[in-house]
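Trainee: Could you walk me through this structure, one feature at a time?
Mentor: Gladly; let's look at it together.

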Amino acid sequence: LFACQKLGITATPANTRYRADELRHQMMHAKATVVFFDVASAAIVDAIRSEDFPRDYISVGAGPPDWAISLEDLLSRSTSEDEPPTTVLDDKDIATILYTSGTTGVAKGVPVSYRGGLYTGILEANADIGLTGEDISLCVAPLFHQGVYGMNLMMPLMVGGTVVIQRRFDAEESLEIIESRSATYAFLVPTMSEAILRSPQLCKRNTWSFRTMMSSGSALPERT
């Protein structure tokens, strides 16, 4: 995402649980020209490829399919002597297009400008919960979601904080990360916070560093 934004390329992260038709809708609607994907998602990406959907496909991870370019191979083509591209951006340019859940119909794209993302991140981080460059954010929810992208990723980074990304939510692993990385903050949905609070590892881990949690999606149980 940050590489795209530095180059002035609009990024549109996709829901990792999409069916092929849902993924195709987003790619077509956003007029995507390049698709980055994890090799674990190769099957669903392969399902949307067709002659009327010409794209460049770049895979991340070992064992890329033969119809995609490996990110590692792409990076190996550049050298330290290559001049970085110069991009002039306006703060009103679109940085990302985030898609709604599609609960009441097809998913709709929501453009987020550079200015909107920057100011929202800084204002929320400082006004709401007082994040600083000393904070370490545990990021466990999917980054295609606006709440996670804005509150778990952008907010800490905008004030110089650190973000630790957990590939897939697991309560025991989350507690291990909080202890080992001294995480101070996380954005969790209620099912995640409940799983952590009910984990037998909770009383065995040192969670002294953790001070702030934000939640969304549904009401938290009173006991939480």
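**Reading burial and packing**

Mentor: Let's begin with burial: of the 224 residues in the protein chain, 34% are buried, where buried means under 20% relative accessible area, exposed over 50%, and partly exposed in between, with a 1.4 Å probe and protein chains only. Keep in mind that this is a predicted model, in which local features need pLDDT of at least 70, side-chain atom pairs count only at pLDDT 80 or more, and totals for chains, interfaces and linings use all residues. Residues are numbered from 1 along each chain as its sequence is written, and side-chain values use heavy atoms, with hydrogens and water left out.

Trainee: How many helices and strands does the protein chain have?
Mentor: Helices (H or I, at least four residues) and strands (E, at least two) are DSSP runs, numbered from the N terminus. Here there are eight helices and nine strands.

Trainee: Which residues touch the most other members of the largest nonpolar core?
Mentor: In soluble globular proteins, nonpolar side chains tend to be buried together. A nonpolar core is a set of buried Ala, Val, Leu, Ile, Met, Phe, Trp, Tyr and Cys residues joined through side-chain atoms within 4.5 Å. The largest one holds 28 residues, and Ile129, Leu138, Met155, Tyr185, Leu188 and Met214 touch the most other members. Elements giving two or more residues to this core include β6 (136-139), β7 (162-165) and α7 (171-181). Its largest share, five residues, comes from α6. Another core, of 15 residues, lies apart from it, with Val35, Phe37, Val45 and Ile97 among them.

Trainee: What is Met214 in contact with, leaving aside its neighbours within four places in sequence?
Mentor: Contact means heavy atoms within 4.5 Å. With those neighbours left aside, the partners of Met214 are Ile129, Met151, Met155, Tyr185, Ala186, Phe187 and Leu188.

Trainee: Is Leu153 buried or exposed?
Mentor: Leu153, in helix α6, counts as buried because its relative accessibility is 6%. Not counting residues up to four places away in sequence, Leu153 touches Phe2, Leu143, Val148 and Val163.

Trainee: Where does Ser209 lie?
Mentor: Look in the loop between α8 and β9 (212-215). Ser209 has a relative accessible area of 8%, so this residue is buried too. Leaving aside neighbours within four places in sequence, Ser209 is in contact with Ile178, Ser182, Ala183 and Thr184.
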